[in-house]
Amino acid sequence: MTPPTFASPLPVVIDELWERRAELSPADADARKLVVEAVDLLDAGTARVAFVEPDTGAVVVDERAKRAILLTFKLLEMTEATVGEFYQHDRMPLKKVFPGVRVVPGAIARWGSYFAPGVVLMPSFTNIGGFVDSGSMVDTWATVGSCAQIGKNVHLSGGVGVGGVLEPPNAVPVVVEDEAMIGSRSMIVEGARVGRGAMVGAGTILSATIPVIDVETGEEISRGHIPAWSVAVGGTRAKQFAGGAFGLPCVLVLKRLDEGRRHDKAQLNDILRDHGMSA
């Protein structure tokens with residue numbers, strides 16, 4: 001599928017700086033100013049690293065936004081900061097502006113991440129370029145990796161790890177679409193995608209190369225993409241090797257939900273019990 005044409009809201013000069021990045025250093029004040037201004041647009045939600053194009057369903061990546069983030073590592077100096085007894089020594093400052101967002105003590109977000117009004121951040125970590133849309137919760141000890149895109153009304157349960165995808169600039173980040181629920185301690189990494197309204201059982205591991213299989217048909221639906229409005233859990237598939245048969249990880253789609261059907265934990269438990277499992 002050919003991605004739709006996209007005009008980045010960031011200035012073209014970021015591409016020019018990227019082409020001569022080997023020459024840049026924190027001493028380049030003019031370049032640093034331009035890059036900081038570009039990342040400020042990500043921090044404010046005016047720009048974002050990636051989004052799902054409504055008409056085609058394709059994930060569109062703003063390579064210029066990724067280049068701006070990568071350039072910060074060339075242009076920003078290591079600095080020290082303290083808040084009470086807390087100490088930081090990093091190139092990247094922490095995010096300072098959270099309008100309309102509930103930030104519980106212990107939540108940490110780096111500059112260049114964005115949270116729409118109505119987001120709840122429990123003690124958690126969000127990296128630069130991360131985007132979390134309205135009504136979503138990043139629960140306790142969950143992580144939103146660099147450039148990960150989280151939709152509206154998503155619940156990232158306790159300990160969920162959403163991986164970061166920063167390099168190369170054209171690489172597709174992890175995308176969790178609107179209304180999805182990711183069960184506790186699940187790992188969604190390497191540019192994997194969770195479709196709208198999907199319910200993902202606790203402890204599920206999904207990467208861009210892990211097969212997603214429909215248990216009713218045995219069909220491999222995709223690699224690394226849980227379909228919209230489905231219930232999925234981690235599983236294994238047998239594969240024969242020279243040394244014997246071993247189980248390799250996969251994701252099993254247990255049930256397809258009616259579009260728009262709101263997810264809840266009780267419903268997920270019922271579906272898992274029907275398949276001899278528990279949440």
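This is a predicted model: local features need pLDDT of at least 70, side-chain atom pairs count only at pLDDT 80 or more; totals for chains, interfaces and linings use all residues.
## Helix α2

Helix α2 runs over residues 29–44 and has 16 residues. From its first C-alpha to its last it reaches 22 Å. That is close to the 22 Å expected at 1.5 Å a residue.

The helix has a buried set of residues: Ala 31, Val 35, Ala 38, Val 39, Leu 42 and Asp 43. They lie on the same side of α2, because they cover an arc of only 155° around the axis. On the other side, Asp 30 and Lys 33 are exposed. The cover over the buried residues of α2 includes α1 (13–19), α3 (63–75) and β7 (114–115). After α2 comes Gly 45, with a positive phi near 80°.

## Aromatic pairs

The whole structure holds three aromatic pairs. One of them joins Phe 98 and Phe 115. Their ring centres are 5.8 Å apart and their planes stand at 25°, so this pair is stacked. The pair links distant parts of the chain, 17 residues apart. Phe 98 sits in the loop between β4 (86–90) and β5 (102–103), while Phe 115 belongs to strand β7. Phe 98 is partly exposed, at 22% relative accessibility. Phe 115 is buried, at 3%.

Phe 241 and Phe 246 form a tilted pair, because their planes meet at 55° with the ring centres 6.0 Å apart. Phe 241 is partly exposed, with a relative accessible area of 36%. Phe 246 is also partly exposed, and its relative accessible area is 44%.

## Lysines over rings

Two of the rings described above have a lysine over the face. Lys 95 lies over Phe 98, at 5.8 Å from the ring centre. Lys 239 lies over Phe 241, at 5.9 Å from the ring centre.

## A buried threonine

Thr 204 is in the loop between β20 (199–200) and β21 (205–206).

What does Thr 204 touch, leaving aside its neighbours within four places in sequence? Its contacts are Ser 186, Met 187, Ala 232, Val 233, Gly 234 and Val 251.

## Cysteines

A disulfide is a covalent bond between the sulfur atoms of two cysteines. A search of the whole structure finds zero disulfides. Cys 147 is buried, with a relative accessible area of 0%. Cys 250 is buried too, at 2%.

Notes. Residues are numbered from 1 along each chain as its sequence is written. Side-chain values use heavy atoms; hydrogens and water are left out. A disulfide is a pair of cysteine sulfur atoms within 2.5 Å. Buried means under 20% relative accessible area, exposed over 50%, partly exposed in between (1.4 Å probe, protein chains only). Helices (H or I, at least four residues) and strands (E, at least two) are DSSP runs, numbered from the N terminus. Contact means heavy atoms within 4.5 Å. The expected span of a helix is 1.5 Å times one less than its number of residues. The arc is that of the directions from the helix axis to the C-beta atoms. Rings of Phe, Tyr and Trp (its six-membered ring) pair if their centres lie within 6.5 Å; planes under 30 degrees apart count as stacked, over 60 as edge-to-face and the rest as tilted. A charge sits over a ring if NZ of Lys or CZ of Arg is within 6 Å of the ring centre and within 35 degrees of the ring normal.
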